[in-house]
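Please keep the sequence and the model in view while going through the topics below.

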Amino acid sequence: MSSALAQASAPVLHIEGGVATITLNRPAQRNRLENGDLKALLAHFETVNQQPDVRVLVLTANTAGQPKPVFCAGYDIGGFDEPGHGSSFFEEIPDALAALRPVTICALNGSVYGGATDVVLACDLRIGLQGIEWRMPATALGLHYYPSGLQRYVSRFGLAGAKRAFLTARPFTASQLDAMGLFEALATPEEWRTTLLALVQDILALAPLAVQETKKSLREIETGQANTARLREREHMTSRSADFAEGRAAFAERRKPVFVGR
């Protein structure tokens, strides 16, 4: 464990080699999210977005010492009573995460509950750990969930899966989630690190400009904000880019491309 994670704290940000890693760091409290943690996440997201060399963001958790790994037990509902907080404030976190420039990966290395499930869904890609549990207890607590979270659930789970999540509050197993297509991979603890690193390296090998612009377009399509002219503009921009020229040359010469992001 790194020294930055040795003591419980707000989420920890580490940036190295084009990859930003944010680690939830309250393992003894099952990494539940307090209002201060949410503010720290928003600050970290802004820091990452302002560094153009960061191309991948990994969101994970410190599960050291837990009897069973828990990525996050959800939002500390005691924080609902603080002025300016509650579900509307919490909604800002997954919304900001979904809008980030880099490709985002949730390295879901433990079970996840409540609002934290929407944080997981807000990531572009997910790797799951075998044996984990997923539960959305909003209606069991008497709460109607916020709009963007419901939208993400329907988008990722389908309407039937979202209905099961919210209208029964029953947990999902990792295998059920995997069958729904939620994970890029479902790994054992022994496979965990190599599985995550392989995904990160595959993304870093892609053309940065094409990835960035394609992510924007996919998000606009998902949220109903797509404009065909804007999508065409991005298509034409990348077709004239140095990266596309390099990609074609590398393909013809049977070598790995060296992209520069323009």
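A cavity is a set of grid points where a 1.4 Å probe fits but cannot get out, and its volume is the space filled by probe spheres set on those points. The model is a predicted one, and a search through the whole of it finds two cavities of 30 Å³ or more.

**Enclosed cavities**

- The largest cavity has a volume of about 50 Å³, and the residues that line it are Leu 24, Leu 33, Leu 41, Phe 45, Leu 59, Phe 71, Cys 72, Ala 116 and Val 119.
- Two or more residues of the lining of the largest cavity come from each of α1, β4 and α3 (116-122).
- Divided by class, the lining of the largest cavity has nine nonpolar residues, no polar ones and no charged ones.
- The second largest cavity has a volume of about 30 Å³, and its lining includes Ser 9, Pro 11, Asn 25, Arg 26, Asn 31 and Asp 37.
- Leu 24 and Leu 33, which belong to the lining of the largest cavity, are also among the residues that line the second largest cavity.
- The lining of the second largest cavity is made up of four nonpolar, three polar and three charged residues.

**The largest pocket**

- The largest pocket holds about 810 Å³ of space, and of the 27 residues that line it, Thr 21, Thr 23, Thr 60, Arg 193 and Leu 196 are the closest to its centre.
- At least two lining residues of the largest pocket are supplied by each of β1 (12-16), β2 (19-24), β3 (56-61) and α6 (192-204), and α6 gives the most, with six residues.
- By class, 16 of the residues lining the largest pocket are nonpolar, nine are polar and two are charged.

- Strand β5 (residues 103-108) is largely enclosed by the rest of the structure, because six of its six residues are buried.
- Val 103, Ile 105 and Ala 107 point one way from β5, while Thr 104, Cys 106 and Leu 108 point the other way, and all of these residues are buried.
- β5 pairs with β3 in the parallel sense over four bridges, and within this pairing Leu 59 stands opposite Cys 106 in β5.
- β5 is also joined by four bridges to strand β7 (residues 125-129), and these two strands run parallel, with Ile 105 standing opposite Leu 125 in β7.
- Gly 128 is found in strand β7 and is buried, with a relative accessible area of 0%.
- The C-alpha atom of Gly 128 is separated by 8.9 Å from that of Leu 177, a residue that is 49 residues apart from Gly 128 along the chain.

**An open sheet of four strands**

- Four strands, in the order β4-β6-β8-β9, form an open sheet in which the pairing is mixed.
- β4 (70-72) and β9 (172-173) stand at the edges of this sheet with a single partner strand each, so one side of each is left without a neighbour in the sheet.
- β4 and strand β6 (residues 111-113) run parallel and are joined by two bridges, and the bridge partner of Cys 72 in β6 is Val 112.

**Helix α8**

- Helix α8 (residues 228-239) has twelve residues and reaches 16 Å from its first C-alpha to its last, which is close to the 16 Å expected at 1.5 Å a residue.
- The N-terminal end of α8 is capped by Asn 227, which has a side-chain oxygen 3.0 Å from the backbone nitrogen of Ala 229.

**Two residues with positive phi**

- Arg 30 lies in the loop between β2 and α1 (35-49), and its phi is near 55 degrees, a positive value in a residue other than glycine.
- Asn 31 is likewise in the loop between β2 and α1, and it has a positive phi of about 55 degrees although it is not a glycine.
- Arg 30 is partly exposed, with a relative accessible area of 41%, whereas Asn 31 is buried, with a relative accessible area of 1%.
- Asn 31 is one of the residues that line the second largest cavity.

Key:
Residues numbered from 1 in each chain as written. Predicted model: local features only at pLDDT ≥ 70, side-chain atom pairs only at ≥ 80, totals over all residues. Heavy atoms only, no water. 1 Å grid on protein atoms, 1.4 Å probe; cavity = no way out; pocket = protein on both sides within 12 Å on 5 of 7 lines; lining within 4 Å. Nonpolar A, V, L, I, M, F, W, Y, C, P; charged D, E, K, R; others polar. Buried < 20%, exposed > 50% of the residue type's maximum accessible area, 1.4 Å probe, protein only. Pairing = 2+ DSSP bridges. Expected span 1.5 Å × (residues − 1). Polar contact = N/O pair within 3.5 Å; in protein donor to acceptor, adjacent residues only side chain to side chain.
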